[in-house]
Amino acid sequence: AQTSNTNLEEAKKAIAESNAIYFQSFVKNDPSIFIERYAEDACIMAPFAPQQCGYANAAKFFREAYDHYGLRNGKFITTSVY
């Protein structure tokens with residue numbers, strides 16, 4: 001049980017660190033940081049929007065969020081880790 005708890009805590013820490021890096025892309029207006037958070041075949045599934053897959057669409061999503069919606073910073077709140 002202790003190993004399981006240790007692994008879970010390590011996973012939570014890694015998720016928090018990754019999430020902090022994610023929003024630095026918007027602080028710095030650097031889409032490369034944003035894109036590097038995703039695998040090549042990942043899909044962004046934003047609410048009320050069509051699924052956007054691949055690096056080109058991740059870049060497009062970043063530009064929309066930054067240029068049209070004014071996203072400059074943010075914070076993810078992780079509610080559960082399994």
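Helices, in the sense used here, are DSSP runs of at least four residues, numbered from the N terminus. With that in mind, one may turn to this structure, which is a predicted model. Tyr22 and Phe26 both belong to helix H1, where they stand 4 residues apart, about one turn of the helix. Tyr22 is buried because its relative accessibility is 9%, and buried means under 20%. Phe26, at 0% relative accessibility, likewise counts as buried. The rings of these two residues, Tyr22 and Phe26, form a tilted aromatic pair, with 6.3 Å from centre to centre and 55 degrees between the planes.

The structure holds 13 aromatic pairs. Another of the tilted pairs joins Phe34 and Tyr38, whose ring centres lie 5.3 Å apart with the planes at 55 degrees. Phe34 is buried, at 0% relative accessibility, whereas Tyr38 is partly exposed, at 22%. Ring pairs link a cluster that includes Tyr22, Phe26, Phe34 and Tyr38, together with Phe61, Tyr66 and Phe76.

The next topic is the nonpolar core. The largest such core has 11 residues, among them Tyr22, Phe26, Phe34, Phe61 and Tyr66. Helix H1 (2-27), helix H2 (31-35) and helix H3 (54-68) each contribute at least two residues to this core. Helix H3 supplies the largest share, 5 residues.

Charged residues remain to be considered. Side chains of opposite charge can pair when their charged atoms come close. By the rule applied here, the structure has 2 salt bridges. In one of them, Lys12 pairs with Glu9, and the closest N and O atoms are 3.8 Å apart. Lys12 and Glu9 both lie in helix H1, 3 residues apart, which is about one turn of the helix. Lys12 is partly exposed at 37% relative accessibility, and Glu9 is partly exposed at 46%.

A salt bridge also joins Arg63 to Asp67, with the closest N and O atoms 3.0 Å apart. Because Arg63 and Asp67 are 4 residues apart in helix H3, about one helical turn separates them. Arg63 counts as partly exposed, with 28% relative accessibility, and Asp67 counts as partly exposed, with 46%.

Note on methods
Residues are numbered from 1 along each chain as its sequence is written. This is a predicted model: local features need pLDDT of at least 70, side-chain atom pairs count only at pLDDT 80 or more; totals for chains, interfaces and linings use all residues. Side-chain values use heavy atoms; hydrogens and water are left out. A nonpolar core is a set of buried Ala, Val, Leu, Ile, Met, Phe, Trp, Tyr and Cys residues joined through side-chain atoms within 4.5 Å. Buried means under 20% relative accessible area, exposed over 50%, partly exposed in between (1.4 Å probe, protein chains only). A salt bridge is a side-chain nitrogen of Lys or Arg within 4 Å of a carboxyl oxygen of Asp or Glu. Rings of Phe, Tyr and Trp (its six-membered ring) pair if their centres lie within 6.5 Å; planes under 30 degrees apart count as stacked, over 60 as edge-to-face and the rest as tilted.
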